[in-house]
Amino acid sequence: MTFGFVPPPSADSTSRAGRMLQPAEWAAAGIPLLRNPREVVTGLHIRHLPTPSTAVVAVLDPEERLAASASFVRRGAAAVDGWDFRNALLAQLRRVIPHDLRRRTPIRTAVLLYCREGESRWTEEDGAWMWGLRDACTLHGLRCGAYITLTHDGWRVLGEGRGGRRPHSASLPTEPGVAVEGDGDAKALPRPHLGGRRKALSHPAAV
């Protein structure tokens, strides 16, 4: 007689499962709230025009002004793993802005905007990006900030319950210096403060 046998999960699959954050874990992590998430999302959308599978990582100064940002595309259908996402985010941060590891307390905050297909609710892929963002911030001397998804439903700050319908994953590009507000009303954006440093825009790179 032959009995079915289910092998135990491998150490690799177990470790991969641990490299993601559940919504409750993220909410309990004390992530600082954005004062004006719509302005941050709209500004990053104008600069990077993300399409599905594009991640935009941005560093904000204490006044929530953009210090640096970079975008890259997640290629292929590789398994979701926060370790890989951490490495990709850290590589972009190291390329566009010096680390703050010498500071006793981080003063700059990194936020992540991820444009993807599907519904706006939390997914395991989101959990892996959250894990990756938190770890990359620790290794670069930054505060871990908001994780924002951009889907066909609009944008959503996960863990906060704040969001909006525009921009969304299929939004058309707007003219530089003009933000789309509400259901399509446009307004002029204030000129970003660069603090003597050019805003960085990366070339697409594969994860």
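This is a predicted model: local features need pLDDT of at least 70, side-chain atom pairs count only at pLDDT 80 or more; totals for chains, interfaces and linings use all residues.
**Reading a mixed sheet and its helices**

Trainee: Which residues in H4 meet H5?

Mentor: On the H4 side they are Gly82, Trp83, Phe85, Arg86, Leu89, Leu90, Leu93 and Arg94. From H5 come Glu125, Ala128, Trp129, Trp131, Gly132, Leu133, Asp135, Ala136, Leu139 and His140.

Trainee: At what angle do H4 and H5 pack, and how far apart are their axes?

Mentor: The general idea is that two packed helices are described by the angle between their axes and the distance between the axes. Here H4 and helix H5, residues 124–140, pack at an angle of about 45°, and their axes are 7 Å apart. H4 is therefore oblique to H5.

Trainee: Is the crossing of H4 and H5 left-handed or right-handed?

Mentor: The crossing of these two helices is right-handed.

Trainee: Let me step back to the whole chain. How many helices and strands are there in the protein chain?

Mentor: The protein chain has five helices and eight strands. Along the sequence, the pattern reads α-α-α-β-β-α-β-α-β-β-β-β-β. Of the 207 residues in the protein chain, 43% are buried. Among contacts with a separation of 6 or more, 69% are between residues 24 or more positions apart.

Trainee: In what order do the strands form the open sheet?

Mentor: In general, strands of a sheet pair through backbone hydrogen bonds, either parallel or antiparallel. In this structure six strands form the open sheet, in the order E2-E1-E3-E4-E5-E6, and the pairing is mixed. Strand E2 (66–73) and strand E6 (162–164) each have a single partner strand, so they stand at the edges, with one side of each left without a neighbour in the sheet. From one strand to the next, the twist averages 15°.

Trainee: Which strands pair in the parallel sense over six bridges?

Mentor: Those are strand E3, residues 109–115, and strand E4, residues 143–151. Within that pairing, Tyr114 has Thr149 in E4 as its bridge partner. For an antiparallel case, look at E1 and E2, which are joined by seven bridges. There, Val59 stands opposite Ala68 in E2.

Trainee: Is Thr149 buried or exposed?

Mentor: Thr149 has a relative accessible area of 0%, so it is buried. The general point to have in mind is that in a regular strand the side chains alternate between the two faces of the sheet. Leaving aside residues up to four places away in sequence, Thr149 touches Leu113, Tyr114, Arg116, Ser120, Asp126, Gly154, Trp155, Arg156 and Leu158. Its strand, E4, is mostly covered, with eight of its nine residues buried.

Trainee: And E2: how many of the residues of E2 are buried?

Mentor: Eight of the eight are buried, so E2 is largely enclosed by the rest of the structure. Read that next to its place at an edge of the sheet: one side of E2 lacks a neighbour in the sheet.

Trainee: Which strands does H4 lie across?

Mentor: Helix H4, residues 82–96, lies across E1, E2 and E3 and runs at about 135° to E2. Helix H3, residues 37–48, also packs on the sheet, touching strand E1 (54–60), E2, E3, E4, strand E5 (154–157) and E6. The direction of H3 makes about 55° with that of E2.

Trainee: Now the backbone angles. Which residue takes a positive phi in the hairpin of E1 and E2?

Mentor: Glu64 does, with phi near 65°, in a hairpin that has five residues between the strands. Glu64 is not a glycine. At a relative accessible area of 18%, Glu64 is buried; the cut-off for buried is under 20%. Compare Ser53, another residue other than glycine with a positive phi, near 80°. Ser53 sits in the loop between H3 and E1 and, at 27% relative accessibility, counts as partly exposed.

Trainee: One last item. Which peptide bond is cis?

Mentor: The bond from Arg166 to Pro167 is cis, and its omega is near -5°. Pro167 is found in the loop between E6 and strand E7 (178–181).

Conventions
Residues are numbered from 1 along each chain as its sequence is written. Side-chain values use heavy atoms; hydrogens and water are left out. Two strands pair if DSSP finds at least two bridges between them. Helices (H or I, at least four residues) and strands (E, at least two) are DSSP runs, numbered from the N terminus. Axes are lines fitted to C-alpha atoms, for helices over the stretch in contact, and angles run from 0 to 180 degrees between N-to-C directions. Contact means heavy atoms within 4.5 Å. Buried means under 20% relative accessible area, exposed over 50%, partly exposed in between (1.4 Å probe, protein chains only). Angles under 35 degrees count as roughly parallel, over 145 as roughly antiparallel, 65 to 115 as roughly perpendicular and the rest as oblique. A crossing is left-handed if the near helix is turned anticlockwise from the far one by less than a right angle, and right-handed if clockwise.
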